[in-house]
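Hello,

Here is the structure I promised to pass on to you. Have a look at it first, and then read my notes below with the picture open beside you.

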Amino acid sequence: MPFRRELRALGYIERGDVLRLKSYIRKHRHLRLDCVLPGGRSLLHAACALRDDACALLLLRKGADPMQRDASGNNALHVAAREVEKGGWKVYTDLVVPILKRCPQSIDVADHQGATPRDILRRAEDLMERNSRRSAYLSEASPDVSSQQSSEWREKLLAESMDEYQELYGQYEEDYPEDVPEVETFESWADRIYREYQARKIPSEPPGAKGKRVSVQELPSVAEEKTYLQRQRQKEKELQGAQSKRYQKRCEEVFGRTGSSAKTGEEQVKNPTARDCEGSGPTKIRTGLGTLGYSDIPWPLPGGTAEQMAQTIAAGGDPSDAGSYKRYLRAQRVTWHPDRFMQRCGSRLLAKDRERVLRTVTALSQELNRLAELTK
């Protein structure tokens, strides 16, 4: 039911139970105070129509909008002014004055018939003057002088009460505090109970004993973490070694044994034609047959970018040994040089993959040259 909470608050207003209404609004902070209910009016309209100043003031403090209109275009001041017109003179001090103080511009808002609260209050004022004149006329016609005096006295009291209320309005707003302590959630309650349980469970100890106990408990976790990190590094080394062996094996199958290691790469630089001049042996059998597509090339990291491939190749060397690492990079640069690659595999490349292969080889060669420059 979309208006369940609002209708329940309306029931409290109709019964005049301001304490229940205040508690309900505090509990349901997302209550829609300005929602137009099925009857065509809001909660503030209902409070003004019932002349319940306590509920109306509470709704105003909680943020109800005095400019909210009902189905007939009336705001809360329209309703309060009509109650004054009906003869509820006390409604003026209890409802009209607080609403005007909270929202002065609501007095000139017209409803669907064009009537404003100012017009209604003027009619009520004229009616009050006519009633007072009538009372004065009757008192003059009556021989009872005390009746006329009591009527004048009541008019003076009414005027004084209006002025006094305007001066003292808002003085007792602190009786309804806005800052309400937050309700303890289940999570905070559970945490508090756990802390209290631990405080009762752990006996009183010397200051040094507690720190010693905590440090002893932390030792196994630190040792486990070191063991885990060592195993993680060992797995990474094994994975890099397996990738390097797989990469060298594929290079031997496609390019031959030249260029697959730092030693053969150095020999390749000294004798670039040695790998293609051998007329017999397993090298020629493996490298001299079959066509090569893009997926047949022994890429260091299949599917990766040129930078990732170069990083994979660099990970196969040992950076701690500068001389060996430079020879290793030199051999890989020779292996993936575009001209050397074309000499070895140019005649075997498939036509549809030729341009893509050459573009990737060129990018990989440039990345290897950049890594070699960084090692200098």
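Before we start on the helix pairs, one term is needed: the angle between two helices runs from 0 to 180 degrees and is taken between their N-to-C directions, along axes fitted to C-alpha atoms. Please also keep in mind that this is a predicted model.

First, the overall picture. The protein chain has 17 helices and zero strands. Of its 376 residues, 32% are buried. If you take the contacts between residues at least 6 apart in sequence, 70% of them join residues that are at least 24 apart.

Helix H15 covers residues 322–335 and helix H17 covers residues 351–374; the two pack at an angle of about 160°, and their axes are 9 Å apart. Angles over 145 degrees count as roughly antiparallel, and H15 and H17 are therefore roughly antiparallel to each other. Their crossing is left-handed. On the H15 side, Leu329, Gln332 and Arg333 make the contact, while H17 brings in Leu368, Asn369, Leu371 and Ala372. Sorted by class, the residues in this contact of H15 with H17 are four nonpolar, two polar and one charged.

H17 has another partner to look at, helix H16 (residues 338–345). The axes of H16 and H17 come within 9 Å and cross at roughly 140°. How are these helices oriented to each other, given that angle? H16 and H17 are oblique to each other, and their crossing is right-handed. You can find the contact by showing Pro338, Phe341 and Met342 of H16, which meet Arg354, Val357, Leu358, Val361, Thr362 and Ser365 of H17. In the contact of H16 with H17 there are six nonpolar residues, two polar ones and one charged one.

For the next pair, go to helix H2 (residues 18–27) and helix H4 (residues 53–61), whose axes come within 10 Å and cross at roughly 15°. That angle makes H2 roughly parallel to H4. The crossing of H2 and H4 is right-handed. From H2, the residues in contact are Val18, Leu21, Lys22 and Ile25, and from H4 they are Ala54, Cys55, Leu58 and Leu59. By class, this contact of H2 with H4 holds seven nonpolar residues, no polar ones and one charged one.

Next come the salt bridges. How many does a search of the whole structure find? The search gives twelve, and I have picked out some for you to look at.

One of them links aspartate 94 with lysine 90, with the closest N and O atoms 2.5 Å apart. Both residues belong to helix H6 (residues 89–102), and because they are four residues apart there, about one helical turn separates them.

Another salt bridge joins arginine 192 and glutamate 196, and here the closest N and O atoms are 3.3 Å apart. The two residues lie in helix H9 (residues 186–201), four residues apart, which is about one turn of the helix. Arginine 192 counts as partly exposed at 29% relative accessibility, and glutamate 196 also counts as partly exposed, at 34%.

Glutamate 355 has 61% relative accessibility and counts as exposed. Elsewhere, salt bridges with shared partners join Arg51, Glu83 and Lys86 into one network.

Arginine 51 has a positive phi of about 60°, although it is not a glycine. Where does arginine 51 lie? Arginine 51 is in the loop between helix H3 (43–49) and H4. With 38% relative accessibility, arginine 51 counts as partly exposed.

Enjoy exploring, and write back with any questions.

Best wishes

Definitions and conventions: Residues numbered from 1 in each chain as written. Predicted model: local features only at pLDDT ≥ 70, side-chain atom pairs only at ≥ 80, totals over all residues. Heavy atoms only, no water. Parallel < 35°, antiparallel > 145°, perpendicular 65-115°, else oblique. Left-handed = near helix turned anticlockwise from the far one by under 90°. Contact = heavy atoms within 4.5 Å. Nonpolar A, V, L, I, M, F, W, Y, C, P; charged D, E, K, R; others polar. Salt bridge = Lys/Arg side-chain N within 4 Å of Asp/Glu carboxyl O. Buried < 20%, exposed > 50% of the residue type's maximum accessible area, 1.4 Å probe, protein only.
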